[in-house]
Amino acid sequence: MDDMQVSMYQLYKNMLTSYLQNKSEHALYHAQQFSKQMMEQDMSPEETVSLHLSVFQDIADELPEEVTDSFDLLLEVMIGYGLAYREHQSLRDRQQELESELNVAAQMQRTLLPDAGINLDEVDFGVVSVPAGKMSGDYYHYDLDDEGNLAIAVADVIGKGVPAAMSMSMIKYAMDTLTDKQMQPGYVLESLNRVVERNIDDDMFITMMYGVYHPKNSHFYFASAGHEPGFFYQSAGDTFTDLEGRGLVLGVSPRMTYKEYDFPLEDGDMVVFLSDGVTESRVDGEFIERDQITNMIRERLDLPAQEIVDEIYQQLEKAQEFQLRDDFTLMILRRKV
Amino acid sequence: MNLDIDVQEKKGKNVAFVEGEVDVYTATKLKETIQPLAEGEHDLVIDLSGVDYIDSTGLGIFIGALKASEKSEGSMTLTGLNDRVRRLFEITGLHEVIDIDAAKREEA
Amino acid sequence: MQVQTHVDINSEWGIVAARQAGRKLAREIGFGSVDQARITTAISELARNIYLYANQGQIKIEEVADSGKRGMKIIASDEGPGIKDVRRVMEDGFTTSGGLGAGLPGVKRLMDEFIIDSEMDEGTIITAIKWLR
């Protein structure tokens, strides 16, 4: 026996002797603490059983043969438990490995999203995007060109988690090749569709809503590739209308064109883009209605855009007991009064 | 979540009656049944009158089947869509590329 | 002269016979009761794999010595279908997820050395050694 085994043997012997003498709860409490130490030292269940028997044989003068023999059976059973325990340990290590790999990947993914704030005299802008798991299948984008035009976009890859996240990075890289055309929504979607169609599985697709605000004429231009409709809020009449464009989801058919729509934004008017993680939020088991979302926005009209989206996210997260079923992205662009 | 799929052969067509929710949990089951039918040369009709909910993963299965049927000789038609399901095909623009038979549903 | 025992595995009976022979030899070599039980469990799992996946095969056990060390070697061989993806069956959680027992990773843990040699449609030979400490 090596030193560790000698000391474990002695400790166990002291414990068992003390317990047999006075049957105290204190001794049992000791044993419970001791079990943690045994696990730290990687002692298996079968070794524990064997330790118990040899200590017992040492303390008791004469054990009946049946008692000693019965330990053969217990030992055999404990081998199985020991294997399960070791397998559990190795799977736990593996899980930690995967976890940290995922954390690195999630960190990389965050660098694909814009993070600079938008500070414009004309426009108030806010976005919240939260993955259901570690990685997101939602993508959002905003960018200013030299003339002060602001492009915004929300895309949603079907499914969630790692497979969705891998496709999401494709959108980002494809967008980067379009630098000087980013201000033409129809063209952007047409180009992205060609890339996605060539590079995505047959039963996957991506939806996307792309818009550009031109401060010069206060017009908003947008196109949609099968994306969840957004909202257009008109301050004058305090009304919300669906922001919906005709257009096929990205990745189904190689040659598609996307119709471009435009409308003027008056003071206080808002454009809302979202992913289906917002509309498919379930409160008390029921999908929320779209007018529940518009009501939540309406209640917060006096707040800056960023605070509106943050508060709505917090409210829906809480209503779903902090368990998102799908990646959640909500974006608001408002023409300042 | 349950999904039942019953495939019947009628006048040289395969008709798949689908019942339940088509979502991320049941999509694999749907794919395993309809993908081989879509790859075959017989026309395929998918009756969705028993389906009240389809999520985006479910939609993907129909797109995969559409692509397969375009490569083979056969066709693919959807029937029996309820309003909510039809709306999903409209939002995604898929009603423009998938043959959706609005009026009738298949007789079981 | 080294002790060597062959046991044919073509029934649950063979599994028990292999266990028995293994335990006896382990005791003779001088393994303690915990290691005896470990070696026996390893033999049991290897024999069961033969019985379940190849229908029949053989377990050979023998005493080995190497630079002053003494130990026990188990060779499990069959002419069954072979293992398609060895890496996969050696992954934790692969064979045990259905509650089938220790699986090959378990056998590897119970023993000190473990070599697996498998050819598709030819069969599988698994060699495992436990050294006496």
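Author: Strand β6 (residues 230-234) of chain A pairs with β9(A) in the antiparallel sense, over three bridges. Here strands (E, at least two residues) and helices (H or I, at least four residues) are DSSP runs numbered from the N terminus, and two strands pair if DSSP finds at least two bridges between them. The model is a predicted one, in which local features need pLDDT of at least 70 and side-chain atom pairs count only at pLDDT 80 or more, while totals for chains, interfaces and linings use all residues. Residues are numbered from 1 along each chain as its sequence is written, and chains are lettered from A and ligands numbered from 1 in the order in which they are written.

Within this pairing, Tyr233(A) has Met270(A) of β9(A) as its bridge partner. Strand β9(A) also pairs with strand β12 (residues 328-335) of chain A, in the antiparallel sense and over five bridges. Strands of a sheet pair through backbone hydrogen bonds, either parallel or antiparallel.

Strand β9 (residues 270-274) of chain A is largely enclosed by the rest of the structure, because five of its five residues are buried. A residue is buried if 20 or more other C-beta atoms lie within 10 Å of its own, exposed if 12 or fewer, and partly exposed in between, with C-beta atoms placed from the backbone. Met270(A), Val272(A) and Leu274(A) point one way from β9(A), whereas Val271(A) and Phe273(A) point the other way, and all are buried.

Leaving aside neighbours within four places in sequence, Ala153(A) is in contact with Tyr140(A), His141(A), Met208(A), Met209(A) and Tyr210(A); two residues are in contact if their C-beta atoms, placed from the backbone, lie within 7 Å.

Some positions of chain A are exposed instead. Arg255(A) lies in the loop between β7 (239-243) and β8 (261-264) of chain A and is exposed, with 8 other C-beta atoms within 10 Å. Its C-alpha atom is separated by 9.3 Å from that of Ser191(A), 64 residues apart along the chain. Lys23(A), in the loop between α1 (3-22) and α2 (25-40) of chain A, is likewise exposed, with 9 other C-beta atoms within 10 Å. The phi of Lys23(A) is near 45°, a positive value in a residue other than glycine.

Turning to the partners of chain A, there are two pairs of chains in contact, and chains A and B share the most contacts. In that pair, 15 residues of chain B are in contact with 17 residues of chain A. Helix α2 (residues 56-71) of chain B gives the largest share of the side of chain B that touches chain A, seven residues. By class, that side has six nonpolar, six polar and three charged residues. Ala, Val, Leu, Ile, Met, Phe, Trp, Tyr, Cys and Pro count as nonpolar, Asp, Glu, Lys and Arg as charged, and the others, Gly among them, as polar.

Chain B and chain C do not touch, their nearest C-alpha atoms being 20 Å apart.

Chain C contains an open sheet of five strands in the order β1-β2-β3-β5-β4, with antiparallel pairing. Its edge strands, β1 (4-9) and β4 (113-119) of chain C, each pair on one side only. Strand β2 (residues 57-66) of chain C runs antiparallel to strand β3 (residues 69-78) of chain C and is joined to it by ten bridges. The loop between these two strands holds Ser67(C), which counts as exposed with 4 C-beta neighbours inside 10 Å.

As for confidence, the predictor gives the complex an ipTM of 0.87 and a pTM of 0.76. Chain C averages a pLDDT, the predictor's confidence in each residue from 0 to 100, of 89, and 91% of the residues score at least 70.
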